[in-house]
Amino acid sequence: MKWIGRFEGYNAGALRKDLISGSIVAIVAIPLGMAFAIASGVKPEYGLYTTIVAGILVSLLGGSKFQIGGPTGAFIPILLAIVMQYGYENLLIAGFMAGIMLILMGVLRLGALIKFIPKPVTIGFTAGIAVTIFSGQIANFLGLRGVERHETFLPSMAELIHRLPSLNVYSILTACICLAALILVPKKWPKIPGSLVGLLLSTLVAALLFPGQVATIGSAYGAIPASLPELHIPAMTWDLIVKLLPPALVIAMLGAIESLLSAVVADGMTGARHNSNRELVGQGIANLLTPLFGGIPATGAIARTATNIRNGAVSPMSGIVHGFVVLLILVLFAPYASNIPLASMAPVLMVVAWNMSERKHFAHILKTRTADSIVLVVTFLLTVFTTLTTAVEVGLILAVVLFVKRMSSTLSVDKVLPDPSVKHEKVGAHMVTDQHDCPQVAIYNVEGPLFFGAASVLENSGVGGQTDHLQGILLLRMGKVPFMDMTGEANFTALIQKYRKSGGTVLVSGLQPQPLALLQKTGCYDMIGQKHFFEHTGEALTAALALVNQDQCCGCRQMAFRECTSLCRRSQQTKSSFADGAVSVPIPVNSGNKMYW
């Protein structure tokens, strides 16, 4: 198997480092696993089961050497909403279905596509999730009683205000002790997990100084079992599967995004490279099997992965060790965990929310005052006040619409001649103007992507209008058109057909590979004719002059065209000045950087 290759050269020294890092991560993961489960509306042991099963499987089968899998804060609003709407049993089924979806994403090699989600969208919903997590822990921090949980933000805040009279001073004191430890311990002793110290210290103070005054895990959820539950396969029906498809898809998408973001962070810290598709398969298998043991959905945990790397992890063995250490602690110390106050768990989650809020990136994008700022704020507000599903859908659609609008503005179709506002008194020949044009040749610069969002630009550009004399020659300089889609091709072909129907001729210069390949596939290339495509504009101009009737007066200064052509040929700059990127051709030599006849 491919994952075996990640253990090549593994020795006793590497194992020792993985044992140390895995054990430290396990100590960090235990309080977080319980806290995430409680915040998600399920019993705390379900978070531990997830940490054990998913933690081992993600490290064993995933695409990152250092990834630590388990329950994360990003899932809290989603899981809470699913539990409230469908119940815990159906949450397990949704997680099982999400596992299948993740496996399919990996098999179909969709890992790279996840990376194309706009940053304002990911930062917007991450910050919104952070607000939801933080606000959801206010009740436990204050020790409020009789608080009913709601799916959305505003009703939850209204409920808190309604229950403020039940505020518990002992809960606030307990929470403050834990919060102080979370803030101070990492600064004084960086190697010691602040969450563990905070939980132990606040639990000890609450038990000794005011016993029975603060709600605990045991009083709220009962004793924590000292073992993994028996394997249980949830009962599934077709109607239930159809009903749970939307939440399962949200779990799968968020799990994919979070796990790949965590893997990218790990790559940045170590210089390694993860396999995104294998990571999705590993995450999928973990989420497929975890619900069978009562666990909730899991994904890559950025903070625990970083902790794993900072403590010297060498291989995926550290993640496997982390899972078994949590299992060992569950078996040996589960009864004692029931005495942890809920007020002690609240600051742990509040600090998690603060750390995941992306506040610096949020402020940076906001300061730009661009379209990305609008996407960011809309996604954030919708995440807080509606649902994550709505926020991501609207955020992505808005980002695409604004992107198309920006890209459409980059397409320009400009006539090389004329510029009547510029006067050259030293030049005897007059400037070609809209009112006094050369009837034989019309030259246009086309710059930017020619796609569906910019279709109207080509239509409204004036190419093929009355001033272009459709019976003459149209020269399109397309060296700066990097991309063309079918809508752009359709508009381009319509323009060509219009010219050909009126007896005119179209020449194209500098066409790039992608537009050229598309025109060849659609037949437009053959319609124009291979001999009418040129690499450089100078070559196209020479061909245009050769196509014009030599005996016809061009109408410019009443000069016969043969004289005009002769004058052009005397200019040694004609061909070089029409190289790709040039604005115009100076004729004669001393006429400046514009075209004159």
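Student: Is helix α16 largely enclosed or largely open to the outside, and why?

Tutor: This is a predicted model. In α16, 11 of the 14 residues are buried, so the helix is largely enclosed by the rest of the structure. Among the buried residues are Leu342, Met345, Leu349 and Ala353.

Student: Which residues have the most contacts inside the largest nonpolar core?

Tutor: That core has 77 residues, and those with the most contacts inside it are Met34, Val42, Ile78, Leu91, Ile217, Ile251 and Met345. Met345 is also one of the buried residues of α16. Leaving out residues up to four places away in sequence, Ile251 touches Phe75, Ile78, Leu79, Ile82, Ala94, Gly95, Ala98 and Pro297. A second, separate core has 29 residues, including Leu450 and Phe533.

Student: How do α2 and α13 cross?

Tutor: Two packed helices are described by the angle and the distance between their axes. The axes of α2 (residues 44–61) and α13 (residues 276–289) come within 8 Å and cross at roughly 155 degrees. An angle over 145 counts as roughly antiparallel, so α2 is roughly antiparallel to α13. The crossing is right-handed. On the α2 side, the contact is made by Ala54, Leu57, Val58 and Leu61; the α13 residues include Gly282 and Leu289.

Methods: Residues are numbered from 1 along each chain as its sequence is written. This is a predicted model: local features need pLDDT of at least 70, side-chain atom pairs count only at pLDDT 80 or more; totals for chains, interfaces and linings use all residues. Side-chain values use heavy atoms; hydrogens and water are left out. Buried means under 20% relative accessible area, exposed over 50%, partly exposed in between (1.4 Å probe, protein chains only). Helices (H or I, at least four residues) and strands (E, at least two) are DSSP runs, numbered from the N terminus. A nonpolar core is a set of buried Ala, Val, Leu, Ile, Met, Phe, Trp, Tyr and Cys residues joined through side-chain atoms within 4.5 Å. Contact means heavy atoms within 4.5 Å. Axes are lines fitted to C-alpha atoms, for helices over the stretch in contact, and angles run from 0 to 180 degrees between N-to-C directions. Angles under 35 degrees count as roughly parallel, over 145 as roughly antiparallel, 65 to 115 as roughly perpendicular and the rest as oblique. A crossing is left-handed if the near helix is turned anticlockwise from the far one by less than a right angle, and right-handed if clockwise.
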